[in-house]
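Dear colleague,

I am handing over the structure below, and after it I set out what was found. Please read the notes with the coordinates open beside them.

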Amino acid sequence: MNLDLSNQYKYYGMWPVAPTPFHENGEVDYEGMERVLDCMIDQKVQGICILANYSEQFLLSDDEREKLTKLCMKKIDGRVKTIVTVSHFATDIVRPRAELAKSLGADIIMMMPPYHGALLKGNPDQIFEQFNEISKVGIRIMIQDAPLSGIELPVPLLTKMINEIEYLTCFKIESTQAASKIRALIKNCSERLDAPFDGEESITLYADLEAGISGSMSSALLPEKIAPVIDYFWNNEKEKAEEIYNHILPLINFENRQCGFRATKTVMKEGGVIKSDFCRDPIKPLDLDTKNLLLNFAKRYDLLTYKWGK
């Protein structure tokens, strides 16, 4: 990793989202979760994010979330950095989630703006107030700007929040035209930022690197293939970075547009990382044709997830 980048930002590199495995009967596979984390660490990532949308956090009970948080933090045991997602519409629910993450040694918590469904959304004042209240817990916060919330987070609001809320020092931008927003936020908040990241399976990675990101939050499908793009770019070998990015982009695109969060678990099952790629209702498994195309990609790109447990 380029030393200028590591000196400029506290956090950088690949920080993929860990999937949550289930048994065929729908129960959380906690043993499988430990294998997922070991596989991801073998992918040489810099950090791991748990309980995010790609972890199917919206299909987990509060008890399962707490158990998974404790299990993951214990299993990771400082081998890589950690982000724990704590998003909820209710501030009084976010707070104990943040306190638990901090007590277990998480480096960062990630939050989306408060929303519930299509119409119940926090206004700018409510969004600011929730993040400001959670900042009092005393752990770095990453704000997730994602289309899933249905909330537009304009640059002026994000600038105000990052510059005025003590522990809000990280962002993950995966909205449309992400690079323009990233570039503006780095310009407006550069002295405050610990981690300017993108997301959305790293599908806009190259443009976002040009905008100035220090890291990316992909899925756990192929982070070891994405990481060299960041490394070469920040070592001023942009042509090599672009070449690698263009080579892996068909798979990133296929995951993003055809599979979603099901891709990682499908390949991990084939690769012996987990026993089942079960999805809780109402999520349906990948159809056979899409699954076969995905596995052909995984084999052709020689993904670690495709062979880790074989």
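The count of disulfides in this structure comes to zero, and please keep in mind throughout that the model is a predicted one. For Cys72, the closest cysteine sulfur is that of Cys49, and at 10 Å it is too far for a bond, given that a disulfide requires the two sulfur atoms to lie within 2.5 Å. Cys259 is likewise in no disulfide, the nearest cysteine sulfur being that of Cys279, 11 Å away.

Turning to the aromatic residues, the structure holds nine aromatic pairs. One of them is formed by Tyr11 and Trp15, whose ring centres are 5.4 Å apart and whose planes meet at 85°, so that the pair is edge-to-face; both Tyr11 and Trp15 are buried. Elsewhere, ring pairs link Tyr206, Phe233, Trp234 and Tyr245 into a cluster.

Most residues other than glycine have a negative phi, and most peptide bonds are trans. Against that background, the peptide bond that joins Asp281 and Pro282 is cis, with an omega of about 15°, and Pro282 lies in the loop between α11 (262-270) and α12 (288-300).

Asp77, although it is not a glycine, has a positive phi of about 50°; its place is in the loop between α3 (62-76) and β3 (81-85), and with a relative accessible area of 62% Asp77 is exposed. Asn236, which is also a residue other than glycine, has a positive phi near 65°, and it is found in the loop between α9 (223-234) and α10 (238-259). At 65% relative accessibility, Asn236 counts as exposed, since the cut-off for that class is over 50%.

Note on methods. Residues numbered from 1 in each chain as written. Predicted model: local features only at pLDDT ≥ 70, side-chain atom pairs only at ≥ 80, totals over all residues. Heavy atoms only, no water. Phe/Tyr/Trp six-rings, centres within 6.5 Å; stacked < 30°, edge-to-face > 60°. Buried < 20%, exposed > 50% of the residue type's maximum accessible area, 1.4 Å probe, protein only. Helix = DSSP H or I, 4+ residues; strand = E, 2+ residues; numbered from the N terminus.
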